[in-house]
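This report walks through one structure, beginning with the fold of a single chain and moving on to the contact between chains.

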Amino acid sequence: MKLKILHLYPKEMNLYGDHGNVLAIKRRCEWRGIDVEVVEHEPGNKIPDDIDIIFGGGGQDSGQGKIEDDLQTIAPKLKDFINNNTPCLVICGVYQLFGKYYKTGSGKTIKGINVFDVTTDAGKERYIGNVAIKSNEFGEIVGYENHSGLTKLGKNMKPLGEVIVGAGNNAKDKTEGCRYKNCIGTYLHGPILPKNPKLTDFFIAKALERKTGQKPKLDKLDDTVENKAHAVAAKRPR
Amino acid sequence: MEKLSIIIGKSIQAISRLRGGGGSALPGLVIERINPKFIKQILSKLPLGVVVISGTNGKTTTTKIISELFEKQGLKVFTNNTGSNFVRGVISAILQNIKITGKFDYDIAVLELDEAHAVKFTEVAPIDYSLLLNVQRDQLDRFGEIDYTASLLQKVADATRKTVVLNREDPRVGKIKAKNIKYYGLSNSLIKKFPSDDDLIVTSNTKSSNKNADVIFERLEGQRATYSIDKKDYTVNLRLKGIYNAYNVAGALALCHTVMPDAKVQRFVDDISTIESAFGRGESFIINGKEVEILLVKNPSAFQLSIASFADDSHDYMIAINDKIADGRDISWLWNVNFNKLDNNIKLVSGIRAYDMALRLKYDNIAVDRIIENLEEAVDAFISDGEKPKRIFATYTAMLEIRKIISGKSIL
């Protein structure tokens, strides 16, 4: 068995150690005897037809500007994958661009690709610090946020979880992140996956399910270090 | 106003010392209020002016190198200890060193300027020369994003009256604009060893910049470094450790050569060989006959370069990660460092975020024998284990704590 991960814009959007998420998926597959191939997508490249997991990380405003056009070009294909239940994780800068638009601090509007019914406007404040959220499906999720964008969810959009500590989507409505089918958008760095192995395994399980047509039974791994690191992070001051 | 400021400032300093205070914060605060031009009034009188060193990595060591090079030329150098409030710290240091008559007996000021204080400082002080080292991912929770940090350094360049010395290989520093620029750089053979921040994960930089540089770091064989200065080669045996410090030397030489163009280059180069590492930055101690080195790691590029310089099979390694404010609360950056070169030689991880470090290593398929959060217990266990010399990578507050623990045990 082999899974193919599409890593969107590893050069332009590689701030905050987010590529650790790709590493987390890769290792947890390998440790279970599942092979992984990572396809790094750069502006101008073609998207392969046999992608199993999609990932896009955070970056700074200048990085967003560089990927804006290419993202529109590949949007139809990405949306096909996502509508066909391909698991997908997008963080911070790419999360914002998976919505309708992102209006930057200087008033420029970057068009999104409408995977999520969300809008983002740059706020005056920067929200920085440790975050913990609660999700019915994944339990407590810990991470670190660093953004000034204020994201509002559309009427029928579900958040990833409810904020326990931190600002989340907009520092107002206690929502964090967004969920559409198997696509998750979030502001959480940390990176998010290594310390939240349940979430990592969700992406792997969904990818296998889609590929084989059956619900997979994932081998249990020893998550002592993951859980300890999670517990420490949950107790650190903001 | 200037004389009055000196008298008032010195009086407050004396009183707060009598009351048992360290005498550092209050006088700065008062003088800043009553005479905002104080720093300008005093530092403008220095015959060779004011030099500032800024950038993400290497400020402390480079400031030390430059100060010592000037001192060896016979200059009286005024320098600072960086503290939480830069401007007030400089005022206090001036007050401590100025005569009550107003005599400020120095030739030149060499100041380490934290990017966060850069804008404020340019408003209250004259800058004659600046040396801008690099813009790398430091504590993003302090500055937001690295393009913003680059804009702060541009402001330092804008405020510099004579010459700005720039690292031409840094993609952001290399783009800084100024009236008068001198560059230093790397040879093509060394450039691969210096990942820029953009290259940490995806390596693309394989050729040095084509801007003309006055000083080029040509090669490093062991501790023997060769620099090309005005197209002539000079070789020196360094005491400073790590390839990144050898590159900071190139910046220091470019700056010193710019400020004192008539001084003999050979003399600067010879003097470099006597300069030691700064506090906690490659310092070494002897404990129970074993050498223990402490290596400060603040951000991914510094950590990666430190691993490239120091990873070998003849040492045991410990990594200590704290996440206090001075370390940076966000430890995501550990995932931008590749630890494969340390392989089986990491014996122990410690610090507040010991488990995060163990987790990071686990995902590079590196098993760690021991995880001990408490630093004192960890240092004891690490040093007493095995006969190999030891190296400890530590974040800022972990470094301070470890240094304290080790100094208590060390025979110098």
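Among contacts in chain A between residues at least 6 apart in sequence, what percentage join residues at least 24 apart? The share is 70%, where two residues are in contact if their C-beta atoms, placed from the backbone, lie within 7 Å. The model is predicted, with local features needing pLDDT of at least 70 and side-chain atom pairs counting only at pLDDT 80 or more, while totals for chains, interfaces and linings use all residues. Residues are numbered from 1 along each chain as its sequence is written, and chains are lettered from A and ligands numbered from 1 in the order in which they are written.

Chain A has five helices and twelve strands, helices being DSSP runs of H or I of at least four residues and strands runs of E of at least two, numbered from the N terminus. The C-alpha atoms of chain A fill a box of roughly 50 × 45 × 30 Å along the principal axes.

The contact between the chains draws 29 residues from chain A and 23 residues from chain B. Helix 13 of chain B gives the most to the side of chain B that touches chain A, with five residues. The table sorts that side by class, with Ala, Val, Leu, Ile, Met, Phe, Trp, Tyr, Cys and Pro as nonpolar, Asp, Glu, Lys and Arg as charged, and the others, Gly among them, as polar.

| Class, side of chain B that touches chain A | Count |
|---|---|
| Nonpolar | eleven residues |
| Polar | three residues |

Within chain B, Ala252(B) is found in helix 10 (residues 243–259). The C-alpha atoms of Ala252(B) and Leu131(B) are separated by 8.0 Å, although the two are 121 residues apart along the chain.
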